[in-house]
Amino acid sequence: MTQNGIHHVTAIAGSAQGNLDFYTRVLGLRLVKKTVNFDDPGAYHFYYGDAAGSPGTILTFFPWENAAPGRAGAGELQETAFRIPQSAIGFWTQRLVNHGLERSTRFGETVLSFRDPDGLRLSLVGLPGIGGEPAWESEGIPAEAAIRGFHGVTLMLDRTENTGAILSDVFGFAEAGREGDTTRYRAEGTALGGIVDLRAVGGFLPARMGRGSVHHLAFRAADDAAQAEMVRKLADNHGLRTTEQKNRDYFRSVYFREPGHVLFEIATDIPGFAVDEAEAALGTALKLPRFLEGHRAAIEAALPVLA
């Protein structure tokens with residue numbers, strides 16, 4: 001494989017407008033696609049990321065207005081971490097002071113942890129040497145402080161060994177260190193989304209999905225052939241079966257439950273988010289899959305109005 005790491009993270013929100021405001025105005029991410037949940041077209045599906053919607057930068061949401069809050073526990077993605085220049089720690093400390101901000105150090109890195117309006121656990125990790133990377137500029141957030149895609153994620157699991165074996169064998173990660181009850185896995189040569197931390201929490205209550213929870217974690221596959229090879233390894237080496245391939249318009253996906261019960265996806269890098277919009281216009285129009293286009297009027301009437 002030439003491309004490893006995280007493709008995207010998908011979570012559950014409440015208010016569509018509140019979600020849009022927080023991620024575009026407070027965190028300064030770009031809305032790269034505004035579509036609907038293909039399985040529930042009465043709800044939006046928002047994709048946020050960098051200027052091009054690159055794999056390794058994409059956080060997506062299903063905003064279900066009446067969703068009950070989730071409960072933290074074993075068998076979930078506990079925290080999603082973004083990369084920021086180390087020099088921007090002070091800027092973000094001031095900007096997020098009203099969002100339950102906590103500062104800590106993990107694996108020698110400065111981490112700012114906070115929550116979004118629905119309670120989703122997020123963090124910013126200050127890294128040296130990334131200030132020159134391209135950045136999406138937004139009002140109030142200068143380019144030198146802007147988020148540069150995913151650093152990684154933390155999974156909270158009853159046991160971590162079998163999940164770690166899948167990360168190593170199927171997804172191209174390798175164990176990179178241990179700190180307390182957490183084992184770090186790194187995809188070598190991957191700048192964006194190259195970290196998965198597995199936290200062992202045997203005895204915790206199982207997580208309950210809801211508002212503020214992560215729905216699934218997607219890993220990258222360069223193309224259909226790379227995805228098929230991952231599917232083969234899962235079956236032959238780990239006894240796990242995936243769903244059939246599903247066309248999500250901007251990538252093609254298969255899904256499975258890893259041994260710790262987190263829903264994993266394998267998503268192709270192709271065709272990308274510019275397949276139905278020019279890059280300069282990403283996120284500006286409501287895009288529907290072909291099989292729903294004939295119902296556009298009814299779908300638009302049912303969706304919450306956005307400012």
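The model is predicted: local features need pLDDT of at least 70, side-chain atom pairs count only at pLDDT 80 or more, and totals for chains, interfaces and linings use all residues. Residues are numbered from 1 along each chain as its sequence is written, and side-chain values use heavy atoms, with hydrogens and water left out.

Start with the annotation. An unreviewed UniProt entry places the feature "domain: VOC" at residues 5–127 and 149–269. UniProt positions are given in the numbering used here, feature names are shortened, and annotations may be inferred rather than shown by experiment. Residues 5–127 are 15% helix and 50% strand, with end C-alpha atoms 18 Å apart. Residues 149–269 are 20% helix and 39% strand, and their end C-alpha atoms lie 15 Å apart. Helices (H or I, at least four residues) and strands (E, at least two) are DSSP runs, numbered from the N terminus.

Turn to strand β3, residues 40–49. Seven of its 10 residues are buried, so β3 is largely enclosed by the rest of the structure. Buried means under 20% relative accessible area, exposed over 50%, and partly exposed in between (1.4 Å probe, protein chains only). Strand β2 (residues 30–37) runs antiparallel to β3, joined by seven bridges. Two strands pair if DSSP finds at least two bridges between them. Lys 33 has Tyr 47 of β3 as its bridge partner. The two strands form a hairpin with two residues between them. Strand β4 (residues 58–63) also runs antiparallel to β3, through three bridges. There, Tyr 48 stands opposite Leu 59.

Thr 24 sits in α1, residues 16–26. Beyond its neighbours within four places in sequence, Thr 24 contacts Leu 29, Leu 31, Tyr 48 and Ser 138. Contact means heavy atoms within 4.5 Å. A polar side-chain atom of Thr 24 lies 2.6 Å from the backbone oxygen of Leu 20. A polar contact is a pair of N or O atoms within 3.5 Å; within protein, one must be able to donate a hydrogen and the other to accept it, and residues adjacent in sequence count only if both atoms are side-chain atoms.

Next comes an open sheet of eight strands. Its order is β6-β7-β8-β5-β9-β12-β11-β10, with mixed pairing. At the edges are β6 (102–106) and β10 (174–179), each pairing on one side only. The twist averages 25° from one strand to the next. Six of the seven residues of β8 (residues 121–127) are buried, so this strand is largely enclosed by the rest of the structure. Strand β5 (residues 76–85) runs parallel to β8 over six bridges, with Ala 81 opposite Ser 123. Strand β7 (residues 109–115) pairs antiparallel with β8, also over six bridges.

Finish at helix α4, residues 224–238. At 1.5 Å a residue, its 15 residues should span 21 Å, and its end C-alpha atoms are 20 Å apart, which agrees. The expected span is 1.5 Å times one less than the number of residues. Ala 226, Gln 227, Met 230, Leu 234 and Ala 235 are the buried residues of α4. They pack against α3 (161–169), β13 (214–221), β15 (252–257) and β16 (263–268). Just after α4, Gly 239 takes a positive phi of about 65°.

Key
Axes are lines fitted to C-alpha atoms, for helices over the stretch in contact, and angles run from 0 to 180 degrees between N-to-C directions.
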